[in-house]
Amino acid sequence: MLKPHPTELRRLVEEYETLTAARANAADSRIADLAYTLCVSTGTRDVGTALATARAWLASDGRDTDGRDTAAAAAPAAV
């Protein structure tokens with residue numbers, strides 16, 4: 001299994017979370033599509049596990065789940 005590009009993975013996670021928070025009826029099919037794509041992308045059948053895996057991959061990429069570069073923030077300032 002190839003790990004998806006962080007930008008694509010972040011977009012999937014954010015869109016899934018936004019749609020599930022709103023729970024609009026029109027969004028139900030899109031939520032199902034996102035859940036499926038997240039599961040396939042992370043190699044699991046459980047959406048909760050897929051989200052946790054995606055978040056862990058994004059965090060290990062040196063970026064926070066909201067896209068901020070945590071590695072740069074943690075690096076000491078140049079003198």
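A residue counts as partly exposed when its relative accessible area falls between the buried limit of under 20% and the exposed limit of over 50%. In this predicted model, Arg 11 is partly exposed because its relative accessible area is 36%, and Glu 8, at 35% relative accessibility, is partly exposed as well.

**Helix packing**

Helix α1 (residues 6-22) packs against helix α2 (residues 28-42) at an angle of about 145°, the two axes lying 10 Å apart, and α1 passes α2 in a left-handed crossing. On the α1 side the contact includes Leu 9, Arg 11, Leu 12 and Tyr 16, and on the α2 side it includes Arg 30, Ile 31, Leu 34 and Leu 38. Sorted by class, this contact of α1 with α2 comprises nine nonpolar, three polar and three charged residues.

**Salt bridges**

The count of salt bridges comes to four, and the table gives some of them.

| Pair | Closest N and O atoms |
|---|---|
| Arg 11 and Glu 8 | 2.7 Å |
| Arg 11 and Glu 15 | 3.0 Å |
| Glu 17 and Arg 55 | 2.0 Å |

Within helix α1, Arg 11 and Glu 8 are three residues apart, a separation of about one helical turn, while Arg 11 and Glu 15, four residues apart in that helix, are likewise separated by about one helical turn. Glu 15 is partly exposed at 24% relative accessibility.

Glu 17 forms a salt bridge with Arg 55; Glu 17 lies in helix α1 and Arg 55 in helix α3 (residues 47-60), so the pair ties together parts that are 38 residues apart in sequence. Glu 17 is partly exposed, with a relative accessible area of 31%, and Arg 55 is partly exposed at 31% relative accessibility. Through shared partners, salt bridges join Glu 8, Arg 11, Glu 15 and Arg 30 into one network.

Methods. Residues numbered from 1 in each chain as written. Predicted model: local features only at pLDDT ≥ 70, side-chain atom pairs only at ≥ 80, totals over all residues. Heavy atoms only, no water. Axes fitted to C-alpha atoms, helices over the stretch in contact; angles between N-to-C directions. Helix = DSSP H or I, 4+ residues; strand = E, 2+ residues; numbered from the N terminus. Left-handed = near helix turned anticlockwise from the far one by under 90°. Contact = heavy atoms within 4.5 Å. Nonpolar A, V, L, I, M, F, W, Y, C, P; charged D, E, K, R; others polar. Salt bridge = Lys/Arg side-chain N within 4 Å of Asp/Glu carboxyl O. Buried < 20%, exposed > 50% of the residue type's maximum accessible area, 1.4 Å probe, protein only.
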